[in-house]
Amino acid sequence: MLIEALTLPGEKDWDPYKMPVISSISDNNSTIQFPHSTGILVAMDDVQIRGLKFTGNTNPTVRYYYPISKKDTVRTGLEISQCYFIGERNAAPIQGAIWAHGAGTHVDHCIFYECKNALLLFDHIKDFSLTNSIIYGAYEAAVWFGPFVSEFTFKNNVISGCNFVWLRKESTYPKYVFQNSLFAGNKNFMGYYTNNGLQVTDRNEHVEKGIVQSAEKVNLKMVELNGLFAGYLHLLENTIGADFKPGIYIHGDKLR
C-alpha cells in the first residue's frame, strides 16, 4: 500500500503549502499495552508513506499519541520517507513519532522536530535503517531500541538538542554502528531504560565509521515573519552537518 502526497518535496511545482498535513484530535483509540491514540495504524505488509507532514494531537485527554504505529511483529516492510513530524509539547504533543515493531522498517529523508521521542523500536527489529534524517529537540530520546538481534543502517543523520540520543534495553550490551552523521548539543548520548527510569551508560556502545562529527549546536532554518518556505527546519547551507544532505529532499540541491 502506498500513501503519499500528490506532489513530493523537490518535484516541480512543490511548495510546503501543498504538503498534506495529518493532525489528530482523536481520543484514545487503542488499548494495546496501554491506552493511547494512534494516527495511522499499519497492519499489513509493504506499506509506504511519503511526503506528509504529521503534527501532534490537540485532544487534552490524550497523554500518548503516535502518528504512525505498527504493533504486529509479523508484518514486514514499512517505508517512511520525505515526511515531517512536528510536535508542540504544550499544545499538540507527539509521544513517539514512529512506534514500529517487526522487520523491515526504513526511515529516510525525514525531519523530527520537538517530538518527545522520534523512533520507538522494541520487538523483533530486523532490517532497520535510518538515513538522511534530522532529529531535533527530542526531549526524552531520539531512539529507543529493544534487544539487538541484527545489524542495521544508520548514516547521514543529524541528531541535535535531545535529552538522550539512544536508549537500549537494560542488561543488553550491543555494539551499534553509526556512519557519516552529526551529534550536536545533546544532553546525554547513550543510556538504557529500566523499571526505575532512564539511566546514563558509561560504556562505549557504538562504533563510528566514515565521518562522525560532534558540535555544540546546529543551525536550522526557522520560520519567521513570512511563514513557511521550502527548506524550513533544514540545516543552513555550508554549516556543519549540511554535507550529509539530511532533510525531506531526496536530492539535497532541491532546497529552493
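Student: With which side chain does the side chain of Arg168 make a polar contact?

Tutor: The model is predicted: local features need pLDDT of at least 70, side-chain atom pairs count only at pLDDT 80 or more, and totals for chains, interfaces and linings use all residues. Residues are numbered from 1 along each chain as its sequence is written, and side-chain values use heavy atoms, with hydrogens and water left out. A polar contact is a pair of N or O atoms within 3.5 Å; within protein, one must be able to donate a hydrogen and the other to accept it, and residues adjacent in sequence count only if both atoms are side-chain atoms. At 2.8 Å, the partner of Arg168 is the side chain of Glu205.

Student: Which backbone oxygen does the side chain of Arg168 reach?

Tutor: Arg168 lies in strand 18, residues 164–169. Its side chain reaches a backbone oxygen at 2.9 Å. That oxygen belongs to Thr172.

Student: Is Arg168 buried or exposed?

Tutor: Buried means under 20% relative accessible area, exposed over 50%, and partly exposed in between, with a 1.4 Å probe and protein chains only. Arg168 has 2%, so it counts as buried.

Student: Which residues are in contact with Arg168, leaving aside its neighbours within four places in sequence?

Tutor: Contact means heavy atoms within 4.5 Å. The residues are Phe145, Tyr173, Pro174, Tyr176, Gly191, Tyr192, Tyr193, Thr201, Arg203 and Glu205.

Student: What is the phi of His124?

Tutor: Most residues other than glycine have a negative phi. His124 is found in the loop between strand 12 (117–121) and strand 13 (129–131). At 54% relative accessibility, this histidine counts as exposed. It is not a glycine, yet its phi is positive, at about 55°.

Student: Is Leu233 buried or exposed?

Tutor: Leu233 lies in the segment after strand 22 (206–215). Leu233 too is a non-glycine residue with a positive phi, about 65°. Its relative accessibility is 6%, so Leu233 counts as buried.

Student: What radius of gyration does the protein chain have?

Tutor: The radius is taken over C-alpha atoms, and the globule rule is 2.2 Å times the number of residues to the power 0.38. For 256 residues, a compact globule would have a radius near 18 Å. The chain agrees with this, because its radius of gyration is 17 Å.

Note on methods. Helices (H or I, at least four residues) and strands (E, at least two) are DSSP runs, numbered from the N terminus.
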